[in-house]
Amino acid sequence: MTADCQAQIAAINRAASSEALIGAVRSLAAQQSPAAIPKLIEVLGYNNPGAAVAAVDGLIQLGAIAVQPILDTLDGYDYGARAWASRALAKIGDPRALENLLAAAQGDFALSVRRAAAQGLGQLDWAQLPEAECQVGQQRVLTALLNAVQDDEWVVRYAAIAGLQSLAQAAPYLATSITARLQQAATEDPDLAIQGDRAGPWSS
Amino acid sequence: MADQQAGLTVESAIANLRQTDDLGLRYYAAWWLGKMRVGDRAAIAALLAALHDEADRSPDGGYPLRRNAARALGKLNNPDVAPALVACLDSSDHYVREAAAQSLEQVGNAESIPALRQLLAGGVAAAVQVPGKPHLAQPYEAILEALGGLGATEAIAEIQPFLAHPVQKVQFAAARALYQLTGESQYGDRLIQGLQAPKLPLRRSALIDLGAIGYLPAAEPIARTLAENSLKLIALKGLLEATLRAHPEPKLHSDSGQIMALMDGLL
């Protein structure tokens, strides 16, 4: 661990105010050091939204290397920390988070988590999986996102449609069935914002 | 609360609202009928009756049940309730007046405009804090927003001075109304400036106002504002829907495409 990392971790541990904590978390996140990962994950459980946002941003920047540590910690988390962790996983897009994101998109209590997970399911980096596993995974994502298009919250439906658009681009063999479902949403959804056509090579 | 909600039906909610033994059940039932948008005659009759309740009193002399009933009536999409809400604008309870003004905007009945204008009497000079209370003489934000939403162009001259009211949220409400009434960009731009306010509650307020008026030049400033993504998404949804209403076909328009791109970045 570099001296800078240690200094920032010490600053987090002794932060006496919310501002000081957020500043120290930002500085640690900016190090982009794998040694910062456990502390950034710990911060997700501090019940401080500003600090959590900074930690999530740092974990997203770190990317794939942060995925396994996050997954390993998920079960022990309290509710709020799990929500932040799911957001980080959604943005990183590593397919190892598939199970977590499938569950979060369809079942999480917090709409911000369902929203992030639905969008994240569309952004998974499928190239990391063998082809057979990839198709099974894409089918499961399709089913989950088609469920999320029925969510009570407009923003989750919106995110699911964004996710479906990304999925159609990543998996063109699914584009026809996705387009049909989106055309249905364009006429049936109660919110006008959901009815807008989305740009995309598959949607003309 | 969740247990109560799970057990409620339209009939039991109306019955809860009509009984007088358990004030908590009545209060909850009034809220529930609004949330579920139960617009049938029996529900409306029970809510209108609740506007005259004398049993449920707060320590400061307010009427909690009346507040909830007035809020619920705004959600039922029935212009016939406007006269009862107009009568609430004379209530001794500030929060009943506020709920009534908000609901009158939602109900969309322009006949309530004169009564709303009455509450601006005395202008900014009269719009001072009530001694010992956390609020001004009238619920000015709700009144100004209602006048804007109801298209009360005859009130423009009375609204303008509120741009200089010492309370910034009142200024925002005036700018929001004046944009709706005039379409002039100076008022929308003023709300964009509000997105830079040092205090988060003010930035949130400006986000909500810009979403409500669907002011297109605000799209990128909204996306950049230091506030929760959830609120920025709601504001951008307001802009997107304004664009889609202005350009119903085709539903993909360059403005709406840009707004969606900003929204996607906030998911």
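Let me begin just past helix α10 of chain B, where B:G151 takes a positive phi of about 70°. This is a predicted model, and the values I quote today are computed from its atoms.

Staying with that helix, α10 of chain B covers residues 140-149 and is mostly covered, with eight of its 10 residues buried. Those buried positions are B:Y140, B:A142, B:I143, B:L144, B:E145, B:A146, B:L147 and B:G148, so that a glutamate, B:E145, is listed among them. As for what they pack against, the partners within chain B are α7 (94-107), α8 (113-118), α9 (123-126), α11 (156-159), α12 (168-182) and α14 (200-213).

Let me turn to chain A and its domains. The chain is divided into domain 1, residues 1-73, and domain 2, residues 93-204, and the C-alpha centres of these two domains lie 30 Å apart. How many residues of domain 1 are in contact with domain 2? There are four on the domain 1 side, and they are in contact with four residues of domain 2.

In chain A there is also a helix pair that I would like to go through with some care. Two packed helices are described by the angle between their axes and the distance between the axes. Here helix α8 of chain A, residues 111-122, and helix α10 of chain A, residues 154-170, pack at about 10°, and their axes are 6 Å apart. Because angles under 35 degrees count as roughly parallel, α8(A) and α10(A) are described as roughly parallel to each other. On the α8(A) side the contact is made by A:L111, A:R114, A:R115, A:A118, A:Q119 and A:G122, while α10(A) contributes A:V155, A:V156, A:A159, A:A160, A:G163, A:S166 and A:L167.

B:L233 sits in helix α16 of chain B, residues 229-246, and counts as buried because its relative accessible area is 0%, under the 20% cut-off. By way of a distance, B:L233 and B:R190 are 43 residues apart in sequence and 20 Å apart in space, C-alpha to C-alpha.

A:I37 belongs to helix α3 of chain A, residues 37-43, and is buried at a relative accessible area of 3%. Apart from residues up to four places away in sequence, A:I37 touches A:L59, A:L62, A:I65, A:A66 and A:P69; with A:L62, the separation is 25 residues in sequence and 8.4 Å between C-alpha atoms. In chain B, B:N68 lies in helix α5, residues 64-74, and also counts as buried, at 5% relative accessibility. With the same exclusion of residues up to four places away, B:N68 touches B:Y27, B:A30 and B:W31.

Finally, a word on the cysteines. A:C5 is buried at 0% relative accessibility, and A:C134 is buried at 11%. Taking a pair of sulfur atoms within 2.5 Å as the criterion, the count over all chains comes to zero disulfides.

How values were computed:
Residues are numbered from 1 along each chain as its sequence is written. Chains are lettered from A and ligands numbered from 1 in the order in which they are written. This is a predicted model: local features need pLDDT of at least 70, side-chain atom pairs count only at pLDDT 80 or more; totals for chains, interfaces and linings use all residues. Side-chain values use heavy atoms; hydrogens and water are left out. Axes are lines fitted to C-alpha atoms, for helices over the stretch in contact, and angles run from 0 to 180 degrees between N-to-C directions. Helices (H or I, at least four residues) and strands (E, at least two) are DSSP runs, numbered from the N terminus. Angles under 35 degrees count as roughly parallel, over 145 as roughly antiparallel, 65 to 115 as roughly perpendicular and the rest as oblique. Contact means heavy atoms within 4.5 Å. Buried means under 20% relative accessible area, exposed over 50%, partly exposed in between (1.4 Å probe, protein chains only). Domain bounds come from an automatic or database domain assignment.
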